[in-house]
Amino acid sequence: MATDHSIVSSREASSQPGSGAFPELEPVLRRQGHRPDGLIEVLNRAQELHGQLTPALLRHVAAALRLPLSRVQGTASFYHLFRFKPPAAHRCVVCTGTACHVKGADALLRALERELAPGGATEAAGAEAIELGTVRCVGTCGGAPLVVVDEQVWNHQTPASVLAGLRGLRR
Amino acid sequence: MSGILRVCTAAGCAGCGGSALREQLGAVIAAATTGDPASGLALKGVGCLGPCGEGALLELESASGRRLFGGITPEGVAAVAASLANLSPGTDLGTWAPPAARPIDLEQPFFRLQKRLVLEHCGRIDPESLAEALAAGSYGQLRRVLQENRPEAVIEQVRRSGLRGRGGGGYPTGLKWATVARMPGPEKVVVCNADEGDPGAFMDRSVLEGDPHRLLEGMAIAAWAVGASRGFIYVRAEYPMAIAHLRTAIAQAEDQGLLGAAIAGSAFGFQLELRVGAGAFVCGEETALIHSIEGQRGVPRPRPPYPAEVGVFGLPTLINNVETFASVPPLLAIGAEAYAAIGTTNSGGTKVFSLTGDVRLAGVLEVPMGTPIATIVETMGGGAPDGHAIKAVQTGGPSGGCVPANRLDTPVDYESLQELGSIMGSGGMVVMDDSTSMVDVACFFMAFCREESCGKCIPCRSGTVQLHLLLQKHLAGEADAADLAQLESLCHMVKDTSLCGLGQSAPKPVLSTLRHFRGDYLALLRPEPEATPEPVP
């Protein structure tokens with residue numbers, strides 16, 4: 001996935017008093033026995049529930065697993081799929097794996113970048129936020145070139161078909 | 001009239017109508033009354049049926065045999081369902097021709113030339129049903145080896161079968177098992193590397209989605225043979241359906257006493273946990289994978305010590321990939337000698353490939369080791385479409401190389417591909433036609449390695465950046481002969497001095513294209529500046 005790592009500064013993290021309660025994380029914490037080796041499992045679940053890893057979430061996880069915040073932050077920032085910004089209403093991920101590359105993923109991505117950029121055609125048409133990203137292969141290469149929109153795979157796409165589909169989302 | 005309808009609901013087909021097809025056909029069958037052709041039908045959602053490029057796929061098995069239909073689109077689903085509902089009573093299902101679907105010949109080479117051992121049940125059974133897996137024979141080999149109670153005999157069988165690591169390394173599996181079995185200490189760990197990160201590779205996904213119990217059985221047999229009581233499956237987060245099916249399968253197996261404590265009434269216990277990755281290609285490297293399982297950054301470390309000595313939590317650890325474990329139950333079922341006889345002298349058994357790119361029939365297939373590449377991409381895959389010719393076949397992903405068209409007679413086995421400067425890899429095979437620029441392909445893989453380098457060692461962290469810049473310079477037509485020479489020497493430096501497999505193999509796509517397609521690079525070089533022209537009088 002496109003890297004999007006804005007590191008939480010320690011001052012920002014510590015300036016918010018109290019770690020906040022995240023009772024919804026209790027089941028996964030219990031399943032992992034509050035052991036440090038369950039960190040990535042816990043972070044995956046936290047992001048699934050909250051869409052992103054906020055400073056408060058990271059502090060909570062650190063405390064629950066008895067790990068330094070730096071360890072939690074350092075691990076989270078290593079992996080591409082963890083994000084530290086809220087997700088947009090819709091997410092369009094262009095696969096840039098080998099098969100998709102051979103079938104023209106580059107042109108597809110460039111066209112979408114142009115269209116979805118501020119001032120692009122879609123914005124002019126009254127777009128709500130669509131986040132554009134990339135992924136290196138989702139493993140369904142029979143459908144190349146493909147995009148993944150809100151977790152749904154759209155096979156055999158062209159810039160026009162993706163844009164038409166994205167417009168359909170907003171209605 | 002009875003029969004079975006199988007709808008492919010693997011990730012590839014699910015996205016292009018498979019899920020909707022299963023739902024709507026289910027409704028038709030539920031509403032059918034006695035006498036309707038649909039009334040006696042059983043409907044199954046199954047794993048990969050093979051030709052993924054033709055999805056969505058529907059298979060009908062009736063008294064008159066098996067028939068496969070493809071090309072069903074989300075828009076065509078309703079028409080297929082309506083057509084089944086409207087068949088007049090007494091119609092022979094064998095003659096049913098669903099609209100908006102094209103028949104796929106099951107006698108064509110794509111199917112006929114396969115030898116399905118790992119994929120034996122894939123596309124046949126409902127992957128979410130333990131009962132179907134058991135009926136198909138799953139866990140039979142686990143029960144048998146537990147009863148016979150001779151772990152060393154199992155390891156000996158695996159050794160004699162000639163099975164080698166299917167993740168691409170090709171290390172003899174029996175030898176690896178024997179090494180871990182010999183390690184002292186009461187606690188050992190078995191790990192399945194299901195972090196199938198090579199772009200263009202999706203064989204393991206097909207197994208995980210289509211027959212997860214086969215993997216669990218293979219892992220349990222391995223754990224028992226080497227004396228491990230804990231296991232982990234490390235699966236990439238990009239495979240949500242594989243994760244879901246694995247979770248279901250683990251819970252079912254635990255429930256039936258096929259995992260957990262006292263398996264199948266024996267004294268053997270095996271606790272299996274799923275670990276989901278978070279997007280880092282380097283975690284496919286075994287020492288990085290160990291760190292990731294431990295909840296740390298997925299950074300590799302030098303070997304030795306090898307994981308067999310010091311692995312997860314410092315314990316002796318056996319790491320194999322999905323296909324290797326999934327090969328074990330069929331190997332034990334047919335016997336080591338029969339399994340070894342399928343492949344070549346140095347590489348026993350079968351290999352699953354995912355065929356994609358510029359090829360008519362893309363999908364997942366399993367062939368005997370030693371099958372020529374041409375048989376796979378041309379005879380089975382149908383060659384390049386739209387009147388193009390095949391230029392190269394890429395194997396092994398970012399760690400592999402390109403096999404040129406004039407060497408497609410090369411058999412797929414570990415040594416032959418290595419001689420050509422590529423590797424077997426995990427089984428991704430991307431076909432490239434004559435319109436492909438091989439410099440662009442090399443640049444694509446270098447961009448990938450640059451992004452995925454973990455940054456621990458300098459040759460990989462900085463080398464991939466410099467190599468990528470040099471390749472971009474070539475593509476922009478701004479490189480000269482000195483840049484080409486530097487590209488080549490830097491490749492060797494990165495290859496020779498990087499810490500782990502990622503860096504050591506990152507230059508391979510460049511080196512292999514330089515070797516077989518040097519003309520592509522030379523054609524992009526900036527012309528040498530001409531001698532100063534004579535001043536015009």
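Me: In strand 3 of chain A, which residue is the bridge partner of Val94(A)?

Reply: In this predicted model, Val94(A) is paired with Val147(A) of strand 3. Strand 1 (residues 90-95) and strand 3 (residues 147-149) of chain A are joined by 3 bridges and run antiparallel.

Me: In what order do the strands of that sheet stand, and how do they pair?

Reply: The sheet of chain A is open and has 4 strands, in the order 2-1-3-4, with mixed pairing. Strand 2 (130-135) and strand 4 (152-154) of chain A each have a single partner strand and stand at the edges, so one side of each lacks a neighbour in the sheet. On average, neighbouring strands of this sheet are turned by 25° against each other, direction ignored.

Me: And what is the general idea for the side chains along a strand?

Reply: In a regular strand, side chains alternate between the two faces of the sheet. Keep that in mind as you step along a strand on screen.

Me: What share of chain A is buried, and what share of its contacts join residues at least 24 apart?

Reply: Of the 171 residues in chain A, 51% are buried. Among contacts between residues at least 6 apart in sequence, 66% join residues at least 24 apart. The accessible surface of chain A comes to about 7600 Å², and carbon and sulfur atoms account for 54% of that area.

Me: Now a single residue. Is Asn44(A) buried or exposed?

Reply: A relative accessible area under 20% counts as buried. Asn44(A) has 18%, so this residue is buried. Asn44(A) sits in helix 3 (residues 39-50) of chain A.

Me: What does Asn44(A) contact once its neighbours within four places in sequence are left aside?

Reply: Asn44(A) is then in contact with Phe82(A) and, from chain B, with Val276(B), Gly277(B) and Ala278(B).

Me: Let's move to chain B. Which strands pair with strand 3?

Reply: On one pairing, strand 1 (residues 3-8) of chain B is joined to strand 3 by 5 bridges, and the two run antiparallel. Here Val7(B) stands opposite Leu58(B). On the other pairing, strand 3 and strand 4 (residues 65-70) of chain B are also antiparallel, over 5 bridges. There, Leu60(B) stands opposite Arg67(B). A hairpin through 2 residues connects strand 3 to strand 4.

Me: How many residues of strand 3 of chain B are buried?

Reply: Strand 3 (residues 58-62) of chain B is mostly covered, with 4 of its 5 residues buried.

Me: Where are the cis peptide bonds to look at in chain B?

Reply: Omega is the angle to check. One cis bond joins Gly55(B) and Ala56(B), with omega about -5°. Ala56(B) belongs to the loop between strand 2 (41-46) and strand 3 of chain B. Another runs from Pro304(B) to Pro305(B), with omega near 0°. Pro305(B) is in the loop between helix 11 (286-293) and strand 9 (317-321) of chain B.

Me: What is phi at Arg66(A) and at Asp386(B)?

Reply: Both are residues other than glycine with a positive phi: near 55° for Arg66(A), and near 60° for Asp386(B). Arg66(A) lies in the loop between helix 4 (55-64) and helix 5 (69-78) of chain A. Asp386(B) is placed in the loop between helix 14 (373-380) and strand 12 (390-395) of chain B.

Me: Are Arg66(A) and Asp386(B) buried or exposed?

Reply: Over 50% relative accessibility counts as exposed. Arg66(A) is exposed at 67%, and Asp386(B) is exposed at 70%.

Technical notes: Residues are numbered from 1 along each chain as its sequence is written. Chains are lettered from A and ligands numbered from 1 in the order in which they are written. This is a predicted model: local features need pLDDT of at least 70, side-chain atom pairs count only at pLDDT 80 or more; totals for chains, interfaces and linings use all residues. Side-chain values use heavy atoms; hydrogens and water are left out. Buried means under 20% relative accessible area, exposed over 50%, partly exposed in between (1.4 Å probe, protein chains only). Contact means heavy atoms within 4.5 Å. Accessible areas come from the Shrake-Rupley method with a 1.4 Å probe; for residues, only the protein chains shown count as cover. Two strands pair if DSSP finds at least two bridges between them. Axes are lines fitted to C-alpha atoms, for helices over the stretch in contact, and angles run from 0 to 180 degrees between N-to-C directions.
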